[in-house]
Amino acid sequence: MALPVFRRGLAVVLLAPLLGCGSSASAQRPVSSSTKQAAANAAARKVPSATPAPPEGTRKPVPSAAELKRDMVAAHNEARAKASRPTPKPALPALTWSDEAARKAESYVKECRFEHNPDRGTFGENLAAATPDTWTTAQVVKGWADESADYDHASGKCKPGKMCGHYTQVVWRTTKAVGCATRLCTKNSPFGGNVKTWQLWVCNYAPPGNWVGEKPY
């Protein structure tokens with residue numbers, strides 16, 4: 001049975017203190033869909049208290065472009081290699097880095113908006129936000145991959161009231177490449193006015209996954 005169309009920026013899963021939001025390309029209807037009522041409930045949900053940011057002098061720098069590329073590819077491929085329930089046969093192919101997807105992510109991350117990019121074209125997309133230095137690159141991807149616990153492979157659906165679209169995009173068999181960007185933001189904080197500095201991650205995927213009626217593998 002077809003699932004309802006996802007409405008960007010409203011289906012928000014809380015992975016406190018990380019927020020995550022996943023979607024497919026605009027031409028698709030993702031597995032992690034939500035109804036109008038579910039979207040309204042998510043929008044009305046109280047954002048959890050954020051972990052206090054470390055003092056300015058103790059913060060680690062945002063990873064360089066080279067470090068982000070290395071760690072994002074490695075973390076995605078680790079998650080794909082560990083996919084189970086059931087184990088993919090044959091094994092999922094490793095992702096490569098897409099400079100085009102990364103450029104799209106970089107142009108959008110500068111806007112510091114924790115909502116899906118309406119101009120991302122045919123790319124799939126995963127988003128995450130956290131207070132500064134709460135998560136490493138690998139931990140961001142692990143947060144997405146951990147949604148596997150809320151995905152029922154037999155039915156191809158998320159468990160009721162749960163989000164699993166980040167996970168299914170990470171392990172989508174026909175996705176070949178990923179490109180990501182991250183930025184420290186000082187506006188549009190999803191954690192409320194008390195947390196003015198926050199970190200945003202954007203990952204774009206090619207080809208995109210999360211097609212309604214299809215399973216990731």
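Predicted model: local features only at pLDDT ≥ 70, side-chain atom pairs only at ≥ 80, totals over all residues.
I started with the S-S torsion of C158 and C164: at -85 degrees, this link is left-handed. The C158 and C164 sulfur atoms sit 2.0 Å apart, and both cysteines are buried.

C112 is in the loop between α3 and β4, C185 is in strand β7, and the pair links distant parts of the chain, 73 residues apart. C112 has 4% relative accessibility, so I count it as buried; C185 is buried at 0%.

Then C180 and C203, with S to S at 2.1 Å. The torsion here is about 105 degrees, so I noted this disulfide as right-handed. C180 lies in β7 and C203 in β8, so the pair ties together parts 23 residues apart in sequence. C180 is buried with 5% relative accessible area, and C203 is buried with 0%.

I wrote the pairing in sequence order as 1-5, 2-3, 4-6.

Last entry, helices. I found the axes of α2 (residues 65–81) and α4 (residues 137–145) coming within 9 Å and crossing at roughly 30 degrees. Angles under 35 degrees count as roughly parallel, and α2 and α4 are therefore roughly parallel to each other. The crossing is right-handed. For the contact I listed L68, D71, M72, A75, H76 and A79 in α2 against T137, A138, V141, W144 and A145 in α4. I get eight nonpolar, two polar and one charged.

Methods:
Residues numbered from 1 in each chain as written. Heavy atoms only, no water. Axes fitted to C-alpha atoms, helices over the stretch in contact; angles between N-to-C directions. Helix = DSSP H or I, 4+ residues; strand = E, 2+ residues; numbered from the N terminus. Parallel < 35°, antiparallel > 145°, perpendicular 65-115°, else oblique. Left-handed = near helix turned anticlockwise from the far one by under 90°. Contact = heavy atoms within 4.5 Å. Nonpolar A, V, L, I, M, F, W, Y, C, P; charged D, E, K, R; others polar. Buried < 20%, exposed > 50% of the residue type's maximum accessible area, 1.4 Å probe, protein only. Disulfide = S-S within 2.5 Å.
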